[in-house]
Amino acid sequence: MLRTLAISAVFIACLVNIAAAQDRSEEIDAANAAVIEAYQASKYDRTLDLAKQVLTQAEEALGPDHPDTLISVNNLAALYESTERYGEAEPLLSARADGP
């Protein structure tokens, strides 16, 4: 009985963690959409800070290899390229191309 309760508690904790990760992923996805929208409106300087924040949050919450994190990397690199800051874009893209 006690073992069954312990297993149930672990299972519930896993479900809660999965739900929290999904919520964070949806938040990051929405923030990435806001970055893209501002980018398309050519608001590069204003968007740069947001893109950096989204990338930091995505890496911390989802890890470096999560698809939403990789979208955040691409968004920031595109902003750097659009503002002719190629030296800042290149390390972002090459680090991901080289893999973990």
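Where is the place of E84?

1. **E84.** This is a predicted model. In it, E84 lies in the loop between α3 and α4. Its phi is near 55°, a positive value in a residue other than glycine. E84 counts as exposed, at 61% relative accessibility.

2. **Overall make-up.** The protein chain has four helices and zero strands. Along the sequence the pattern reads α-α-α-α. The chain holds 100 residues, and buried ones make up 25% of them.

3. **Contacts along the chain.** Take the contacts with a separation of 6 or more. Residues 24 or more positions apart account for 56% of these.

4. **Loop between α1 and α2.** S42 sits here. S42 is not a glycine, yet its phi is positive, at about 60°. With a relative accessible area of 46%, S42 is partly exposed.

5. **Helix α2, its length.** Helix α2 covers residues 44–62, which is 19 residues. From first C-alpha to last it reaches 25 Å. That is close to the 27 Å expected at 1.5 Å a residue.

6. Which residues of α2 are buried? They are T47, L48, A51, V54, L55, A58 and L62. These residues lie on the same side of α2, because they cover an arc of only 135° around the axis. An α-helix has 3.6 residues a turn, so residues three or four places apart point the same way. On the other side of α2, D45, R46 and E60 are exposed.

7. **L48.** This residue belongs to helix α2. L48 has a relative accessible area of 4%; it is therefore buried, the cut-off being under 20%. Leaving out residues up to four places away in sequence, L48 touches L76, L79, Y80 and R85. Take L76 from that list: L48 and L76 are 28 residues apart in sequence, but 6.9 Å apart in space, C-alpha to C-alpha.

8. **The largest nonpolar core.** This core has 16 residues. Which of them touch the most other members? They are L76, Y80 and L92. The elements giving two or more residues to the core are α1 (2–40), α2, α3 (67–82) and α4 (86–98). The largest share, six residues, comes from α2. As background, nonpolar side chains tend to be buried together in soluble globular proteins.

9. **Y80.** This core residue is one of those that touch the most other members. Its neighbours within four places in sequence are set aside here. Beyond them, Y80 is in contact with L48, K52, R85, Y86, E88, A89 and L92. L48 and R85 also touch each other, on the count used for L48.

10. **G63 and T69.** Just after α2, G63 takes a positive phi of about 95°. What reaches the backbone oxygen of G63? The side chain of T69 does, at 2.8 Å. T69 is found in helix α3. At 0% relative accessibility, T69 counts as buried.

Definitions and conventions
Residues numbered from 1 in each chain as written. Predicted model: local features only at pLDDT ≥ 70, side-chain atom pairs only at ≥ 80, totals over all residues. Heavy atoms only, no water. Expected span 1.5 Å × (residues − 1). Buried < 20%, exposed > 50% of the residue type's maximum accessible area, 1.4 Å probe, protein only. Arc of directions from axis to C-beta. Core = buried A, V, L, I, M, F, W, Y, C linked by side-chain atoms within 4.5 Å. Contact = heavy atoms within 4.5 Å. Polar contact = N/O pair within 3.5 Å; in protein donor to acceptor, adjacent residues only side chain to side chain.
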